Amino acid sequence: IVFLAKYLADHEEESHQLHWILLSAVFVLPAVFLIYRQPDLGTALVVAVVWFGMVFTGGIRLRHLGLLGIAAAAASPLVWLSLKDYMQQRILVFLNPTQDASGMSYNTLQALTSIGSGGLYGKGFLKGTQSQLYFLRVRHTDYIFSVLCEELGFVGAVGLLSLLLILLWRILRAASLARDAFGRLIACGVATMIFFQAFVNIAVNVNLLPVTGLTLPLVSYGGSSLWATLLSLGLAESVVMRHKKLDFGE
């Protein structure tokens, strides 16, 4: 995020030219490729989406955006062939769950059961049957949203979504207060990262997207995820601090 913000801010006047956008993609592609080869498709997608969000904020033209979309569509068969077998199976199971001979949709079905059984107010903290009796696996990371819905119900889910929206609104407010393009792009990059991870995680829980393994920011268990999110929020805070004129004499 910091690297892209610096690059795009330095070339703000040329942001409407396609070759500058493509050059920024060339800088990001090695990181995306190495992460993907781990293999970690989810995190690779996060980096790619952050790049897209930042070049969009930087002022990419619509026709250039269309060209990039066509290029991505043309490359999709190659991406499909490069996916690991289990990645392909996740997508195929999502598209046709009735043909799930391997049982890969088990977690998704249990997640939907957890969400539906929570009702309006939930079963109570640590009283969810799906999670506490271990019917729902990886409940502390990928499917933490289902646990929250089961134990705190619809009200708890709306409360969590409201907190995430407030957090995103504050980050975007930091972008609007930024003194320069560099700060604005940093804040927008952080907002894109948090929004995409939260959207994908919740969409997987409600069976709107294939399983990807992305965490729910600030909620899912995981030290590296928490560190990355907190450091990103610190970057957004630094944008606000630069906006304010500090008087060290007081």
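Apart from its neighbours within four places in sequence, histidine 64 is in contact with His16, Gln17 and Leu18. This description rests on a predicted model. Histidine 64 belongs to helix α4, which spans residues 62-82. With a relative accessible area of 7%, histidine 64 is classed as buried, because that class covers values under 20%.

The aromatic rings are considered next. A pair of aromatic rings is described by the distance of the centres and the angle of the planes. The structure contains five aromatic pairs. One of these pairs is formed by tyrosine 7 and phenylalanine 27, whose centres lie 5.4 Å apart with 85 degrees between the planes. The arrangement is edge-to-face, because the angle is over 60 degrees. This pair joins distant parts of the chain: tyrosine 7 lies in helix α1 (residues 2-10) and phenylalanine 27 in helix α2 (residues 18-36), the two being 20 residues apart. Tyrosine 7 is buried, at a relative accessible area of 8%, whereas phenylalanine 27 is partly exposed, at 39%.

A further pair consists of phenylalanine 195 and phenylalanine 199, with ring centres 6.0 Å apart and planes at 20 degrees, and therefore it is stacked. Both residues are in helix α9 (residues 181-205), and because they are four residues apart they are separated by about one helical turn. Phenylalanine 195 is partly exposed, with a relative accessible area of 47%; phenylalanine 199 is also partly exposed, at 47% relative accessibility.

How values were computed: Residues numbered from 1 in each chain as written. Predicted model: local features only at pLDDT ≥ 70, side-chain atom pairs only at ≥ 80, totals over all residues. Heavy atoms only, no water. Buried < 20%, exposed > 50% of the residue type's maximum accessible area, 1.4 Å probe, protein only. Contact = heavy atoms within 4.5 Å. Phe/Tyr/Trp six-rings, centres within 6.5 Å; stacked < 30°, edge-to-face > 60°.
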